[in-house]
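Please read it with the model open beside you.

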Amino acid sequence: MSYKVLVCDDEALEREVISLIIQKSGLPFLTVGEARNGYEAVEKARELKPDVIFMDIKMPGKDGLTATAEIKDILPQMKVIITTAYDDFEFAKEALRLGSIDYLLKPIRPEEFIAVLNKLLNLFEREMMSRKQEEELKKAIKKAEKMIKGGILASLIMGEAEKDEERDILLKQAQLLDITSLPNALLIVEPNIDELNTGAVYERYKVFKIAEELIGDLNDVFLLNLGESLVIGIQKDNIDPQVLASAIQKKVEENTDFCVTISIGEASDIINKTIYEETKANARLGRFFFGGKVVNKQEMDELMKSSEKADDEMESRLLDYVTMANYQEALRLFEEIINNLVIKSRGSLLFCQTRIAEIMLLIWRSVRKLGWVDNNSSHLYFNYLKKLSKAQSLYALTECCRNYLSDLFVLNKRFKERNGIVNAVVKYINENYDKDLKLKDITKMVYLNSEYFSRLFKKEVGCTYAEYLTRVRVEAARKYLSNPALTVADVARKVGYHDPNYFSKVFKKAVGVSPTEYRVSLGITQNEQSLA
């Protein structure tokens, strides 16, 4: 292989000397053309596409530096060697700025010229080696493309790209695949199949292969098979999430005897762990509510808002029992809610599963806020959603809920072991709510300042010290008010209030009705209250 050379000089003798030295050098260079001025140099370069140009600076018409700048626009990889009789620093500086490899002064000495040719040869060989290595690297990267994309997507959804430097690392990995931005939209594909079916694993794999074939050579699509679900990351500016989800859904229905639920999650910047967990929860809930539908966060939020509200009071009390870590009362009320759902729905299993899934989500959000859930137990909610979907009887539903609460309160036990001080105070309040429990007295007992204790208490319990004390006292008051033998004043004293009027105000604010009105709602008449 010979490298093509174009010689540009206004003197014929100079052109002849340069061509002769090249010919006799024994190096792989071949003179393919000559030019007498800058205009000819540009035209010849465009026509011959040389690898090297020896360019004289001073030529009539268009000078060598101007011609070099124009030729570099046409052939940016071409190498230029400037030749001139003028030993001028400004010329040399401008030549180097334009990308000249070297600068030769006339009269040209053969040994200097040969040295430049060898320099060029070494440069070409290094470039060739670099291109070869780059091609081999690209081939290796292409083979590992699926693994690289899967790793990037896994890092995003597992929360390993929260810092700018972590994002930069993932972006550099993506750029190896000629991808310029990380995904900002997420699709989670959930096959609607029977988990107990021995062919469930194969059916999930079929969904993965269908999605993989459909995506094909779309470069900026990230695919991750998590076994139970398929996660797809995309750039929503390049690919419409709804269009892609609908295409996958249609293809699955055409090629299998089951359907899929696909949940879409979007981010303003890039996807993260929070968006993944929300989208995953919506995918699972979407299976219960619809099955075989494309759902998004807005639709699921609207659905949750529009769901049945008749049992709000019972659900609110259930959350209170959970918050107060009262397992027996929480379990009793949860079972009562299940029984009411079965009666209300006339035995509709789907209705019961849907409502219970919603209640389980409310409980899960509450215990997360309370700090019961750590990284090792974050999967528990989704496991119970799967168990709930398999429940085929009232007994199975009840057992699922019992076990769910039981496991949550195991987390609470671990949480208490980690947070002994606050839990000791909570226990003390539960046992001594009838006393005058001032915050400053409590903090003295545990040797903490009031400000720090208040922050710690709210973080661990989910509400302020005063709010929790009021909640415990009001709950106790409910029970005492069911006894017609006690007056409202008696009840107030039993739950720690010396002023009955103040107690009534607190009770009404918490429950919505006064103590007297509450008794009427329990069926205790005014006469019975008067006798008391």
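Which residues does Glu-14 touch, not counting residues up to four places away in sequence? They are Asp-9, Lys-106 and Ile-108, where contact means heavy atoms within 4.5 Å.

1. Basis of the note. This is a predicted model, in which local features need pLDDT of at least 70 and side-chain atom pairs count only at pLDDT 80 or more, while totals for chains, interfaces and linings use all residues. Residues are numbered from 1 along each chain as its sequence is written, and side-chain values use heavy atoms, with hydrogens and water left out.

2. Overall make-up. The protein has 24 helices and 10 strands, these being DSSP runs (helices H or I, at least four residues; strands E, at least two) numbered from the N terminus. Of its 532 residues, 45% count as buried, that is, under 20% relative accessible area, with exposed meaning over 50% and partly exposed in between (1.4 Å probe, protein chains only). Among contacts with a separation of 6 or more, residues 24 or more positions apart account for 66%.

3. Salt bridges. The structure holds 25 salt bridges. One of them pairs the side chains of Glu-315 and Arg-355 at 2.5 Å, N to O; Glu-315 lies in helix H12 and Arg-355 in helix H14, so the pair ties together parts that are 40 residues apart in sequence. Both of these residues are buried. Glu-329 forms a salt bridge with Arg-332, with the closest N and O atoms 3.0 Å apart, and both lie in helix H13, 3 residues apart, about one turn of the helix.

4. Nonpolar cores. A nonpolar core is a set of buried Ala, Val, Leu, Ile, Met, Phe, Trp, Tyr and Cys residues joined through side-chain atoms within 4.5 Å. In the largest one, of 70 residues, Phe-334, Ile-363, Tyr-404 and Phe-457 touch the most other members. Helix H14 (residues 349–370) supplies the largest share of this core, 10 residues. Domain 3 (310–413) and domain 4 (422–522) both give residues to this core, so it lies between them; the domain bounds come from an automatic or database domain assignment. Apart from it lies another core, of 25 residues, among them Ala-185, Ala-200, Ile-234 and Val-252.

5. Backbone points to check. Most residues other than glycine have a negative phi. Asp-178, although not a glycine, has a positive phi of about 65°; Asp-178 is found in the loop between helix H7 (164–175) and strand E6 (185–191) and counts as exposed, at 62% relative accessibility. Ala-325 has a positive phi of about 60° and is likewise not a glycine; Ala-325 is found in the loop between helix H12 (312–323) and helix H13 (327–344) and is partly exposed, with a relative accessible area of 23%.

Key: Salt bridge = Lys/Arg side-chain N within 4 Å of Asp/Glu carboxyl O.
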